[in-house]
There are 2 protein chains.
Amino acid sequence: MKDREKEYKPLILVTNDDGVGAKGLRELIDVIAGFGEVVVVAPRESQSGMSHAITIKYPIRVILVREEKNLKVYSCTGTPVDCVKIAINQLLNRMPDLLVSGINHGSNASVSVVYSGTMAAAIEGGINKINSIGLSLSDFSKDADFTAAKFYSKQIIEQVLLNNLEKGTCLNVNIPAGKKEIIKGIKICRQTDGHWQEEYDKRTDPQNCEYYWLTGYFNNFEPDAEDTDEWALKNNYVSIVPIQVDFTSFSQLDRLKKCLKL
Amino acid sequence: MKDREKEYKPLILVTNDDGVGAKGLRELIDVIAGFGEVVVVAPRESQSGMSHAITIKYPIRVILVREEKNLKVYSCTGTPVDCVKIAINQLLNRMPDLLVSGINHGSNASVSVVYSGTMAAAIEGGINKINSIGLSLSDFSKDADFTAAKFYSKQIIEQVLLNNLEKGTCLNVNIPAGKKEIIKGIKICRQTDGHWQEEYDKRTDPQNCEYYWLTGYFNNFEPDAEDTDEWALKNNYVSIVPIQVDFTSFSQLDRLKKCLKL
């Protein structure tokens, strides 16, 4: 027993964007508990759609809300990316071996990766050379069934911990909604080309002033491309997209050099 | 005169992340006024560091704050990306010919593109197949000297309007601080590999509770790479990086398929 306790325990940083009280986070803690020493730093409130936002104008506060053997849970007033930054810089005593963000209530496939706070936290891990996994379930409901998501999350976390991946590998994992039995397996994919078509809901308040609610629907520009994450999800596969943050459009570099008279 | 008025006037959407009252926005309006019909939709307050955040939990309000010939200025309670979305969906009567975001007070070169609200607005334009330019001056001060920035911004806007570029071309333009005379020209570059090293400033409030301010400095991982935006800026060139939003790490796709046992 003593020897077992001396074994190296991976340090795993956990965060999300649905907030410290979200069901998806509790389910993730449940999955991850056996893998090592777990430190959760999650936003106090939902930060859905916060993308890679960081808090510059306001101070950030952090509260320890739960402490057990191999588990600490902090609530943070900042964004998901703030949670990662403050964890690495102030709360952890060494760099984590793994960062896991989620399990998000709702898909972050295709261009949603750009808007997602869950994925931004994972990407921030990657930027800091920490292997990172963003986990999302294609079900927005608060009391979504995470059974399948937990099963596949565990498998993927295990594989990332076991393999000697390139430092800073970041994975965007999406799990289809529905029963575990209908899921056919896991596919490594590329990001689908698509975009969100906005349809603002314009209303008038009791003071007769107009206001807008953001709504919209997703447009898939390549619904038949079998190597994309949206195709995988639609066909009941778990999708994994490896992520990088070089925004350079290399295909345009030479063309611009030729056509712009600068 | 009548014939001139009938000429096609490009519709130009302008936004920023420093807010509708920022000097950089006024300077940009000044530059852009001659180019066509200008509609500004800018955040009511500074939204620096808001990245690609969108407002989901709160309604958005928009006020027309200025109207002149060929110029409308709206103030919006949302993020820079909200400003673009609501402009396209509610405020404009046709898709703009060009989107220009800025002029930002502070550089958005290298990995700062990930955190920047200015660049997120430009990227949102690109996602919507609008040619878009994000303009940033490497000077954070409120009363920065925009003389050089205006000179080069005008030149770049003109070139983008004149050339038949790929629809949705998005450019990250950074202009060095300092006098116009020291700037050597414009370089088309790739995004520098680097990251922000955080150093939180931990303080105690009058109630004896701890809080943190985000601070930090930029680490350039390839300071000698002459094809990067940071190198260009350091050597007094204006940098232009063409931007795309496919986050897929194509170099990792095959490797992951081989090494993960899924």
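In what order do the 9 strands of the open sheet in chain A run? Select them and read across: E3-E4-E2-E1-E5-E6-E7-E13-E8, with mixed pairing. Strands here, like helices, are DSSP runs numbered from the N terminus (at least two residues of E for a strand, at least four of H or I for a helix), and two strands pair if DSSP finds at least two bridges between them.

Before going on, some housekeeping. This is a predicted model, where local features need pLDDT of at least 70 and side-chain atom pairs count only at pLDDT 80 or more, while totals for chains, interfaces and linings use all residues. Residues are numbered from 1 along each chain as its sequence is written, and chains are lettered from A, with ligands numbered from 1, in the order in which they are written.

Now zoom in on strand E7 (residues 170-175) of chain A, which pairs with E13(A) in the antiparallel sense over 5 bridges. Click A:Asn174 and look over to its bridge partner in E13(A), A:Ser239.

Next, show helix H3(A). It lies across strands E1 (11-15), E2 (37-43), E3, E4 (71-76) and E5 (98-105) of chain A, running at about 135° to E2(A). Axes are lines fitted to C-alpha atoms, for helices over the stretch in contact, and angles run from 0 to 180 degrees between N-to-C directions.

Time to bring in chain B. A rotation of 180° with 0.0 Å of shift along its axis puts chain A on chain B (RMSD 0.0 Å), superposed by least squares on C-alpha atoms of residues with pLDDT of at least 70 in both. That is how a two-fold axis relates copies.

Colour the contact: 59 residues from chain A and 58 residues from chain B, where contact means C-beta atoms, placed from the backbone, within 7 Å. The largest share of chain A's side, 5 residues, comes from H8(A).

Last stop: helix H5 (residues 117-127) of chain B. Is H5(B) mostly covered or mostly open? Mostly covered, with 11 of its 11 residues buried (20 or more other C-beta atoms within 10 Å of a residue's own, all placed from the backbone). Among them are B:Met119 and B:Glu124. Following H5(B) is B:Lys129, with a positive phi near 65°.

How values were computed. Two residues are in contact if their C-beta atoms, placed from the backbone, lie within 7 Å. A residue is buried if 20 or more other C-beta atoms lie within 10 Å of its own, exposed if 12 or fewer, and partly exposed in between; C-beta atoms are placed from the backbone.
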